Amino acid sequence: MRADLVPDDLWERVTPLLPPAPERRHRHPGRLRVPDRAALAGVLFVLRTGVAWRDVPAETVGCSEVTVWRRLRDWTEAGVWLRLHAALLTELRRATLLNLDDCSVDGSHVRALKGGSRRPLARIAPGSKHHLIVDRHGTPLAVTLTGGNRHDVTQLLPLLDAVPPIRDLRGRPRRRPRRLYGDRGYDFDKYRRLLWKYGIKLMIARRGVAHGSGLGKVRWVVERVFAWLHQFKRLRTRYERRADLHQGLLELACSLICLRRLRTAS
């Protein structure tokens with residue numbers, strides 16, 4: 001297994017979150033279980049390079065493509081990536097590297113070769129959407145996956161609910177921003193009233209008004225995070241039939257972005 005695929009700081013954070021390995025049978029125990037670190041190396045190899053599961057090089061990652069896919073399935077169903085992302089966000093907040101006062105939201109359409117909904121204006125091309133919320137510095141707080149024909153504003157509340165409670169050294173965990181920035185696609189009075197009840201001020205330019213509101217000076221960071229996410233080539237196009245596996249890869253990519261921010265700040 002290539003050591004650079006799973007750095008030590010990532011492995012130290014993932015290890016406590018992995019479900020325990022099943023006990024071996026006393027009679028006919030079969031082959032030894034592939035180490036979890038080798039399977040994680042395979043998952044990261046696919047995430048970064050975008051190769052098909054059948055093309056995972058066993059000599060590089062240290063296990064077969066079937067084992068890599070099964071571990072991804074098992075770890076996704078166990079909620080490993082969600083807990084890893086939440087733990088890294090807590091580390092960032094305790095290091096004063098999060099600014100939860102101002103957050104930005106947006107959506108990005110991706111092609112889906114094996115599933116997903118169809119866009120109303122491009123009916124021949126099935127697709128999916130990534131919905132993302134980030135803090136003022138561009139740290140991903142939550143990401144969700146929907147069909148490509150879903151309007152961005154319909155995922156505003158589910159996206160806010162997906163933000164995990166982020167703990168600090170003292171005080172209550174926090175998961176709500178004070179101000180939320182978005183483009184004109186989120187300009188609906190219904191959602192302005194709903195977010196006001198959450199105690200969130202929605203900073204969105206009105207539809208039909210000329211450009212130049214100045215809100216782009218804050219919300220440009222969400223576009224940058226989409227660029228970072230799509231540097232992971234497996235996320236540029238949705239290949240997975242199962243939505244939960246693509247969602248798991250999204251959450252893993254967000255965790256890697258958070259870990260990279262921790263490294264640069266240390």
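Which residue in β5 does Ser104 stand opposite?

## Strand pairing

In this predicted model, Ser104 stands opposite Tyr181 in β5. The strands concerned are β1 (residues 102–112) and β5 (residues 179–182), which run parallel and are joined by 3 bridges. Pairing requires at least two bridges found by DSSP between two strands.

Tyr181 also stands opposite Met203 in β6. Strand β6 (residues 201–204) pairs with β5 in the parallel sense over 4 bridges. Between β5 and β6 the chain passes through helix α7 (residues 189–197), and this β-α-β crossover is right-handed: with the strands pointing away from the viewer, the path from the first strand over the helix to the second runs clockwise.

His230 lies in the loop between α8 (216–229) and β7 (237–238). His230 counts as buried because its relative accessibility is 18%, where buried means under 20% relative accessible area with a 1.4 Å probe, protein chains only.

Leaving aside residues up to four places away in sequence, His230 touches Ser108, Val110, His130, Leu235 and Arg236. A contact is defined by heavy atoms within 4.5 Å.

## Overall composition

The protein has 9 helices and 7 strands, taken as DSSP runs (helices H or I, at least four residues; strands E, at least two) and numbered from the N terminus. Of its 266 residues, 48% are buried. Among contacts with a separation of 6 or more, 66% are between residues 24 or more positions apart.

The accessible surface comes to about 14,100 Å², and 51% of this belongs to carbon and sulfur atoms; the area is from the Shrake-Rupley method with a 1.4 Å probe.

## Basis of the values

Residues are numbered from 1 along each chain as its sequence is written, and side-chain values use heavy atoms, leaving out hydrogens and water. Local features need pLDDT of at least 70 and side-chain atom pairs count only at pLDDT 80 or more, whereas totals for chains, interfaces and linings use all residues.

Methods: Buried < 20%, exposed > 50% of the residue type's maximum accessible area, 1.4 Å probe, protein only.
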